Amino acid sequence: MTGIRARAPESSPRARLPKRSLWRRLQGRSLRTRLLVCISATLITVCLAMALTTVLAQHAYLLGSLDQRVRNAAERSAGGAQVGPGSDTDLGFLREQGQAAGTVAARLDDKGNVLAAEVVTGAGEEETLTADQRAALEGLTPDGSLHTRTIPGLGTYRVTAVDGDGRPVLTGLPMEDVQEMISDLVLLEAVVAAAGLVVAGCVCAVVIRRQLRPLGRVAATAVEVSRSPLAHGQVTGLIRVPERYTDPGSEAGQVGAALNRMIDHVESSLTERRRSEERMRRFLADASHELRTPLASIAGYAELMNRGTERVEATLAWRRVSAESARMTGLVEDLLLLARLDEGRPLEATEVDLAALVAEAVWDARAAGDSHHWQLGLLVDSPALVLGDEARLQQALANLLANARVHTPVGTTVVASVEAAEAYCVVRVRDDGPGIPPHLLPTVFERFTRGDVSRARSGPADGGSGLGLAVVEAITAAHGGLIEVQSEPGHTEFAIFLPAVGRPALVSAGSNPVARLSAALSDPLAPVHSDVARVAAPESSAHGRP
């Protein structure tokens, strides 16, 4: 029916999809599969190139040898034609000795037409070629060049035509031997290459599997760690990559070692965060209890005065309210000072004479606690000048002396001394009291650390709030200094190291305090050098006395 145009069949959705390349298909496979495929493809390419090169070289060699034999046969035929009868169709030279079986000979005219052609059979007899066979030999120019012709019923031949003194002769030899040899060579190379590829593929698969085994172990470790409850609970004992899979000499080992370091970092960070949260909770609880005690006392005395009871005198009540208010004010001021120092707020920077400051602090301590023996030692050959906030440094010295007074029995000798070197100054406070309990030394500079665990306070002599040494450590650190403590029964000593005027801080962000302090020890001061060896690392240098 005319006028109706046939619709082309719509292609299927699969046919419309773009064909993905082999490389893109391999992107979603495992590394082991991709390596095996790439290595196998490389080996196959190399084998094919080697086989092709070998076949071409062998074929060229065999063909060159055959061509030389054809030229020799043509020369013999031309010589036989010259000495034979004068007929242009005579092929008597084929009967001469030396003509191989399968040799083809023909007589040509001046135009290249075949006048007569015969072939030597396997029995050594001459057989005349048919018209079709003769037609395959026509068109050759007697210039000695070699040609490949396919003769029906005889196969492929290499032939050449030469001009034997006006009598053109054609001679040819079969290529069957060359073709069979090349075929056998191709078959042999194919078998050897296939066997070699199978063996190489198996070896590569085993080697790749063994070499990638550490990566599998790393992946298994990462999966196991990802299943750990890191958000809550105690984050310890996380699985690690075995040591035999962390050899830094291999890439897989480097990945395993890096994962172990990352797990260590995560574990230590989470542990530190948990400890920080615990310290914060303990800090809030201690601060709440320390503030609740004076508030409860003030509220109680205020309630008694409101009732007008005669059980308590108004003067005594007001005195107790004032004392508790002062205690609460001091606690709040210490907390605010610690908060400011934690934020890194700058302090006043003026030249401070430590010798005069220590002398004043000792006189104040003697006035506050005359039941102790107070001594002052100034081991300075030059002014002990530091750059800092005089009020804060005085507060730190007062806290150290008050700590020695409160936590030692009556009659204890307390010695405060100052030593000056070229790069730093040292303030030491030592006593011959009972010493600090060993279990408190690691946490003596932490806030609300006290010798007694009870939060009850019946009087000012029962101990402080546990913030005194924390304030001393914070003030020292804010001035770029170090503080360290040594304690044993009969000898307790605090040492504050502060940089001298014009000298860099002994402690700074990203520096090693011990290394900075050791570098600062350039003045051969014997008493100080004996104490430098006792300066602890950053983790242990922040210890004090409750």
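Glutamate 419 and arginine 428 are both buried, where buried means under 20% relative accessible area, exposed means over 50%, and partly exposed lies in between (1.4 Å probe, protein chains only). Their side chains meet in a salt bridge, with 3.1 Å from N to O. A salt bridge here is a side-chain nitrogen of Lys or Arg within 4 Å of a carboxyl oxygen of Asp or Glu.

Before going on, please note that this is a predicted model, in which local features need pLDDT of at least 70 and side-chain atom pairs count only at pLDDT 80 or more, while totals for chains, interfaces and linings use all residues. Residues are numbered from 1 along each chain as its sequence is written, and side-chain values use heavy atoms, leaving out hydrogens and water.

**Salt bridges**

Side chains of opposite charge can pair when their charged atoms come close. In this model the count comes to 7 salt bridges.

| Pair | Closest N and O atoms |
|---|---|
| Aspartate 264 and arginine 240 | 2.6 Å |
| Arginine 240 and glutamate 267 | 3.1 Å |

**A buried histidine**

Histidine 372 sits in the loop between α9 (354–368) and β8 (373–379). With a relative accessible area of 7%, histidine 372 counts as buried. A polar atom of its side chain lies 3.4 Å from the backbone oxygen of arginine 405.

**A charged patch**

On the surface, Glu176, Asp177, Glu180 and Asp184 gather in a patch of negative charge. Patch residues have over 30% relative accessible area and no salt bridge, and like charges are joined within 9 Å. One of the four, aspartate 177, belongs to helix α5 (residues 176–211). Is aspartate 177 buried or exposed? At 53% relative accessibility, aspartate 177 is exposed.

Definitions and conventions: Patches are made of residues with over 30% relative accessible area and no salt bridge: like charges are joined within 9 Å, nonpolar side chains (Val, Leu, Ile, Met, Phe, Trp, Tyr) within 5 Å. Accessible areas come from the Shrake-Rupley method with a 1.4 Å probe; for residues, only the protein chains shown count as cover. Lys and Arg count as positive and Asp and Glu as negative; His and the chain ends are not counted. The place of a charge is taken as NZ of Lys, CZ of Arg, CG of Asp or CD of Glu. Helices (H or I, at least four residues) and strands (E, at least two) are DSSP runs, numbered from the N terminus. A polar contact is a pair of N or O atoms within 3.5 Å; within protein, one must be able to donate a hydrogen and the other to accept it, and residues adjacent in sequence count only if both atoms are side-chain atoms.
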